[in-house]
Amino acid sequence: MEKAIEVINLHKYFGKVKALNGLSFTVDPGEIYGLIGPNGAGKTTALRILATLIRPTSGSARIFGLDVEREANKVRRIIGYLPEEAGAYRNLSGTEYLEFIASFYFRNKREIKDAVYEAEEISGLGERLRDKIKTYSKGMIRRLLVARTLMIKPKLAILDEPTSGIDIIHAYHIRRVIKNYAKDYKVTVLLSSHNMFEVEFLCTRIAFINKGRILVEGSPEEIKTRYGARDLEEAFMEVARSA
């Protein structure tokens with residue numbers, strides 16, 4: 001079976017700083033796969049390479065058989081990418097913003113309208129979509145951006161800290177949207193997160209990453225059992241101590 005993601009021996013340097021150090025992993029179609037680690041571990045660098053925003057120093061990465069360097073344009077057509085610090089145009093309404101983004105992906109008015117309707121349902125923001133984005137809370141903006149990412153029905157959704165810095169109500173909504181969308185539309189999801197509850201709720205498999213390489217990989221239950229841990233936070237601390 002073709003892999004949704006195949007990363008082989010990725011290295012990435014920023015000057016003398018080694019961000020990735022031989023990173024390798026695979027993700028099957030339909031999985032929700034999590035990259036977990038401390039700040040500076042290399043998670044965002046890996047996601048940005050897979051999103052075709054930066055190139056690796058060496059190694060290779062393929063998404064559904066497409067090389068992220070040589071076939072970057074084709075890769076961009078089948079992925080949705082949500083950076084941790086993404087923003088939206090403050091002077092547009094939520095609906096206007098979704099229409100603007102949809103116009104880059106779809107040619108005719110019917111497809112744009114259908115995508116926007118899909119995003120409106122995903123966001124759950126209701127009548128607030130008529131208001132300007134500058135009146136939104138951080139959680140509302142994040143819900144809008146998740147909807148923007150998923151409305152195109154990507155084969156792969158790349159989500160960097162999808163609920164970072166937002167309150168429990170908005171985070172609750174986003175987690176369930178991601179889980180249900182992956183299941184209903186067979187979308188593969190690659191995400192990074194510091195929230196171990198979120199990881200355990202969402203992910204079929206996870207990888208603990210530090211200093212640009214994977215320390216351990218498996219399902220949340222497998223990793224907790226392997227380290228005799230009550231939760232993933234405790235397991236991660238055990239992994240970090242033994243690294």
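Reply: Helices (H or I, at least four residues) and strands (E, at least two) are DSSP runs, numbered from the N terminus. On that basis Lys-12 belongs to strand 1, which spans residues 5-14. The structure is a predicted model, in which local features need pLDDT of at least 70 and side-chain atom pairs count only at pLDDT 80 or more, whereas totals for chains, interfaces and linings use all residues. Residues are numbered from 1 along each chain as its sequence is written, and side-chain values use heavy atoms, with hydrogens and water left out.

Lys-12 is buried (under 20% relative accessible area, with exposed meaning over 50% and partly exposed in between; 1.4 Å probe, protein chains only). What the side chain of Lys-12 does reach is the backbone oxygen of Arg-55, at 2.7 Å.

Contact means heavy atoms within 4.5 Å. Leaving aside residues up to four places away in sequence, Lys-12 touches Val-17, Lys-18, Ala-19, Leu-20, Thr-45, Ile-49, Ile-54, Arg-55, Pro-56 and Thr-57.

Thr-52 is found in the loop between helix 1 (43-50) and strand 4 (58-63). Thr-52 is not a glycine, yet its phi is positive, near 70 degrees. With a relative accessible area of 11%, Thr-52 is buried. Lys-211 sits in the loop between strand 9 (205-210) and strand 10 (213-218), and it counts as exposed at 64% relative accessibility.

As for the whole chain, it has nine helices and 10 strands. Its radius of gyration (taken over C-alpha atoms) is 18 Å, close to the 18 Å that the globule rule (2.2 Å times the number of residues to the power 0.38) gives for 243 residues, so the chain is as compact as a globular protein of that length. Along the principal axes, the C-alpha atoms fill a box of roughly 50 × 40 × 35 Å. Buried residues make up 51% of the 243 residues. Of the contacts with a separation of 6 or more, 65% come from residues 24 or more positions apart.

Methods:
Lys and Arg count as positive and Asp and Glu as negative; His and the chain ends are not counted. A salt bridge is a side-chain nitrogen of Lys or Arg within 4 Å of a carboxyl oxygen of Asp or Glu. A polar contact is a pair of N or O atoms within 3.5 Å; within protein, one must be able to donate a hydrogen and the other to accept it, and residues adjacent in sequence count only if both atoms are side-chain atoms.
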